[in-house]
Amino acid sequence: MFLPREHGAYGQLLAPIAVALAIGRPGVAALALAAGAISAFIAHEPFVVLLGQRGLGVARERGMEARWWFAVSAAVALILGTVGFVAIEPDARMSVLPPLVLVLALALWT
């Protein structure tokens with residue numbers, strides 16, 4: 001399994017999610033968006049391997065496994081993100097777009 005190597009990133013991901021879920025009454029939208037964010041986070045490491053940023057040898061040796069993990073975790077993130085977005089009250093949907101745009105920009109920059 002490919003898990004992100006940057007241990008500080010776990011805190012940067014999980015702390016805001018835990019706080020957000022703790023201060024409200026998490027429903028389907030909040031839980032789906034939180035799980036989707038975790039899935040996208042998990043997709044990062046196999047993506048980095050596929051790009052060869054962990055070394056070309058790792059990309060050659062574990063490329064098929066990385067491709068599978070990336071496809072599954074990215075698909076889960078997309079599905080859960082869509083479920084969360086649809087489940088949000090219509091007035092609040094626009095609040096999801098700015099972070100999503102920033103995430104997509106960072107993903108393209110990697």
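Analyst: A pocket is an open set of grid points with protein on both sides within 12 Å along at least five of seven lines. In this predicted model, the largest pocket has a volume of about 1,700 Å³. Among the 39 residues that line the largest pocket, Gly36, Ala37, Ala40, Leu100 and Val103 are the closest to its centre.

User: What makes up the lining of the largest pocket, by helix and by residue type?

Analyst: Helices α1, α2, α3 (56-87) and α4 (97-109) each supply at least two residues of the lining. The largest share, 10 residues, comes from α2. By type, the lining divides into 29 nonpolar, 8 polar and 2 charged residues.

User: How many helices and strands does the protein chain have?

Analyst: The protein chain has 4 helices and 0 strands. From the N terminus on, the order of elements is α-α-α-α. The C-alpha atoms fill a box of roughly 50 × 25 × 25 Å along the principal axes.

User: Why are α1 and α2 called roughly antiparallel?

Analyst: Helix α1 (residues 7-23) and helix α2 (residues 28-51) pack at an angle of about 180 degrees. Angles over 145 degrees count as roughly antiparallel, and α1 and α2 are therefore roughly antiparallel to each other. Their axes are 11 Å apart.

User: Which residues of α1 and α2 meet?

Analyst: From α1 come Ala9, Tyr10, Leu13, Leu14, Ile17 and Leu21; from α2 come Ala30, Leu31, Ala34, Ala37, Ile38 and Phe41. The residues of this contact divide into 12 nonpolar, no polar and no charged.

User: What makes Tyr10 and Phe41 an aromatic pair, and why is the pair called edge-to-face?

Analyst: The model has 3 aromatic pairs. In one of them, the rings of Tyr10 and Phe41 are 5.1 Å apart, centre to centre, and the cut-off for a pair is within 6.5 Å. The angle between the planes is 75 degrees; planes over 60 degrees apart count as edge-to-face, so the pair takes that name. Tyr10 in helix α1 and Phe41 in helix α2 are 31 residues apart, and their pair links distant parts of the chain.

Methods
Residues numbered from 1 in each chain as written. Predicted model: local features only at pLDDT ≥ 70, side-chain atom pairs only at ≥ 80, totals over all residues. Heavy atoms only, no water. Axes fitted to C-alpha atoms, helices over the stretch in contact; angles between N-to-C directions. Parallel < 35°, antiparallel > 145°, perpendicular 65-115°, else oblique. Contact = heavy atoms within 4.5 Å. Nonpolar A, V, L, I, M, F, W, Y, C, P; charged D, E, K, R; others polar. 1 Å grid on protein atoms, 1.4 Å probe; cavity = no way out; pocket = protein on both sides within 12 Å on 5 of 7 lines; lining within 4 Å. Points joined across faces, edges and corners; volume = space filled by probe spheres on them. Phe/Tyr/Trp six-rings, centres within 6.5 Å; stacked < 30°, edge-to-face > 60°.
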